[in-house]
Amino acid sequence: MATFFNPEESPSMKKRNAIAGWSAAASLVLAASVTAYAQTSKERKMPASAAQTQKTPPSFNSLTPEGYKQVSTRDVTVDGERATLTRFERQDGRNAGLGGEHYSLVVNGAGLLKGFAHMDLAYESDKLPSRERTQEIAMNFLKEFAPDLLPRMAISWIEPHGEPVRVARQDRPEVITVTGMKVKMRNTEDGRWFWVIVGANERVMVFERDIVWINMPGHRQTEKWLHDNWLAAQDSKKSAR
């Protein structure tokens with residue numbers, strides 16, 4: 001099986017960036033952008049009663065974490081393709097809002113799951129599954145939710161990966177890092193990237209597929225609708241126009 005190198009986030013780059021770098025950058029972006037996001041977002045906010053009656057495609061219901069309720073939907077574009085971003089937040093209201101704890105998923109017009117992210121304090125742990133166990137969980141997930149990728153995949157690497165989450169502790173805001181083991185893979189047919197991130201509880205916390213990478217000058221082309229800091233930055237730019 002061939003091995004591919006992705007300049008976006010190799011293991012050595014992750015070590016240099018470190019958790020402190022992620023947290024500091026996330027704090028700046030989120031603090032500057034949350035207000036603008038609330039004022040300019042085109043999300044269709046729904047009252048709790050309406051949110052609870054809205055349903056995601058049946059095949060994805062098993063992915064929705066317990067204790068979460070749907071709070072918004074938003075029409076988005078992913079590499080020129082129309083899709084829907086659906087956001088869930090905790091029913092108890094803990095760390096609600098942009099940058100906080102949430103579960104979000106993107107589904108295209110044909111009903112294909114393009115990705116989801118579950119940012120929750122349950123993933124704040126360094127007791128991660130082994131690479132072998134992580135790969136097993138990732139393959140089982142793909143068999144159920146993205147079986148078309150299995151015959152044309154190559155694993156690039158399996159390494160720890162962190163994402164920033166804004167939380168309030170003792171009434172003081174801070175940014176922590178939730179961590180999982182990431183299986184980074186490439187579609188050998190079209191060259192696009194996809195990955196599965198498995199948390200300490202052996203649950204899949206992130207899945208993304210069909211990610212387009214532009215080698216020159218070296219950046220991701222595919223929109224980051226599942227990343228709150230990117231989402232906030234985009235809406236902040238819109239409000240500044």
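Residues are classed here with Ala, Val, Leu, Ile, Met, Phe, Trp, Tyr, Cys and Pro as nonpolar, Asp, Glu, Lys and Arg as charged, and the others, Gly among them, as polar. The structure is a predicted model, in which local features need pLDDT of at least 70 and side-chain atom pairs count only at pLDDT 80 or more, while totals for chains, interfaces and linings use all residues. Residues are numbered from 1 along each chain as its sequence is written, and side-chain values use heavy atoms, with hydrogens and water left out.

The overall fold comes first. The secondary structure of the chain comprises four helices and eleven strands; helices (H or I, at least four residues) and strands (E, at least two) are DSSP runs, numbered from the N terminus. Of the 241 residues in the chain, 48% are buried, where buried means under 20% relative accessible area, exposed over 50% and partly exposed in between, with a 1.4 Å probe and protein chains only. Contacts (heavy atoms within 4.5 Å) are counted next. Among those with a separation of 6 or more, 59% join residues 24 or more positions apart.

Two strands are said to pair if DSSP finds at least two bridges between them. On that basis β4 pairs with β3 (residues 81-90) in the antiparallel sense over six bridges, and β4 also pairs with β5 in the antiparallel sense over six bridges. Y103 illustrates both pairings: F88 stands opposite Y103, and in β5 the bridge partner of Y103 is H118. A hairpin is formed by β4 and β5, with four residues between them, and G111 in the turn has a positive phi of about 85°.

Empty space inside the model was then examined. Rolling a probe the size of a water molecule over the atoms shows where empty space is left. On a 1 Å grid over the protein atoms alone, a cavity is a set of points where a 1.4 Å probe fits but cannot get out, whereas a pocket is an open set with protein on both sides within 12 Å along at least five of seven lines; lining residues have an atom within 4 Å of a point. Grid points are joined across faces, edges and corners, and a volume is the space filled by probe spheres set on the points.

The search of the whole structure finds two cavities of 30 Å³ or more. The largest cavity holds about 90 Å³ of space. Its lining consists of 13 residues, and V78, V106, K114, E208 and E223 lie nearest its centre. The elements that give two or more residues to this lining are β5 and β9 (204-211), and β9 gives the most, with three residues. By class, the lining of the largest cavity divides into five nonpolar, two polar and six charged residues.

Two or more lining residues come from each of β5 (113-119) and α3 (131-145), and α3 gives the most, with five residues. The lining of the second largest pocket has seven nonpolar, three polar and three charged residues.

V183 lies in strand β7 (residues 172-187) and counts as buried because its relative accessibility is 0%. The C-alpha atoms of V183 and W195, twelve residues apart along the chain, are separated by 5.5 Å. Residues up to four places away in sequence being left out, V183 touches T134, Q135, A138, I155, W157, I158, F194, W195 and V196.

G199 is found in strand β8 (residues 193-199) and, at 0% relative accessibility, counts as buried. G199 and M181 are 18 residues apart in sequence, and 6.4 Å separates them C-alpha to C-alpha. Beyond its neighbours within four places in sequence, G199 is in contact with Y123, P129, T179, G180 and M205.

D228 belongs to helix α4 (residues 228-240) and counts as buried, since its relative accessibility is 8%. The side chain of D228 reaches the backbone nitrogen of G99 at 2.7 Å.

Methods
A polar contact is a pair of N or O atoms within 3.5 Å; within protein, one must be able to donate a hydrogen and the other to accept it, and residues adjacent in sequence count only if both atoms are side-chain atoms.
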